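Q: Hi! Could you walk me through this one with me? I'd like to start with charged side chains.

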Amino acid sequence: MKALQVAEPGSLQVIEKDEPKQPDANEVRLKMKRMGICGSDMHILHGENPFATYPRIIGHEVAGEVVEVGQDVTTVAPGDKAVIEPIKYCGECYACK
């Protein structure tokens, strides 16, 4: 699949990535239909985000269709439309606090 990667500040490229693995028990797999680039992505591209590491795949505002669900998922099913909140919060690091 294709992805937008910032290899280093100022260097944006379209790359090929492997398809994601089968979802774990509490995960879903989406077929992305729309993806947005937002201000935080632009800060990563311009090297202005102090928390960014490189290389970095950008484009975290996503809408799509559920294509596969893990065995414990009961609230959505294949064919459902979805948007995601892709940020995992550890609650411990500087950025999360």
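Q: Is Lys21 buried or exposed?
A: Lys21 is exposed, at a relative accessible area of 55%. Here buried means under 20% relative accessible area, exposed over 50%, and partly exposed in between, with a 1.4 Å probe and protein chains only. This is a predicted model, where local features need pLDDT of at least 70, side-chain atom pairs count only at pLDDT 80 or more, and totals for chains, interfaces and linings use all residues. Residues are numbered from 1 along each chain as its sequence is written, and side-chain values use heavy atoms, with hydrogens and water left out.

Q: What does Lys21 meet in a salt bridge?
A: The partner is Asp24, at 3.3 Å from N to O. A salt bridge is a side-chain nitrogen of Lys or Arg within 4 Å of a carboxyl oxygen of Asp or Glu. Asp24 is partly exposed, with a relative accessible area of 41%.

Q: And how many salt bridges are there in the whole structure?
A: The search finds six. One of them joins Glu68 and Arg29, whose closest N and O atoms are 3.4 Å apart. That pair links distant parts of the chain, with Glu68 in strand E5 and Arg29 in strand E3, 39 residues apart. Helices (H or I, at least four residues) and strands (E, at least two) are DSSP runs, numbered from the N terminus.

Q: What about Glu65, which residue does it meet?
A: Glu65 forms a salt bridge with Lys81, at 3.4 Å from N to O. Glu65 sits in strand E5 and Lys81 in strand E6 (residues 81–83), so this pair ties together parts that are 16 residues apart in sequence. Lys81 counts as exposed at 64% relative accessibility.

Q: Switching to sheets: what is the strand order in the open sheet of three strands?
A: The order is E2-E1-E4, with antiparallel pairing. Two strands pair if DSSP finds at least two bridges between them. E1 and E2 are joined by six bridges, while E1 and E4 have two.
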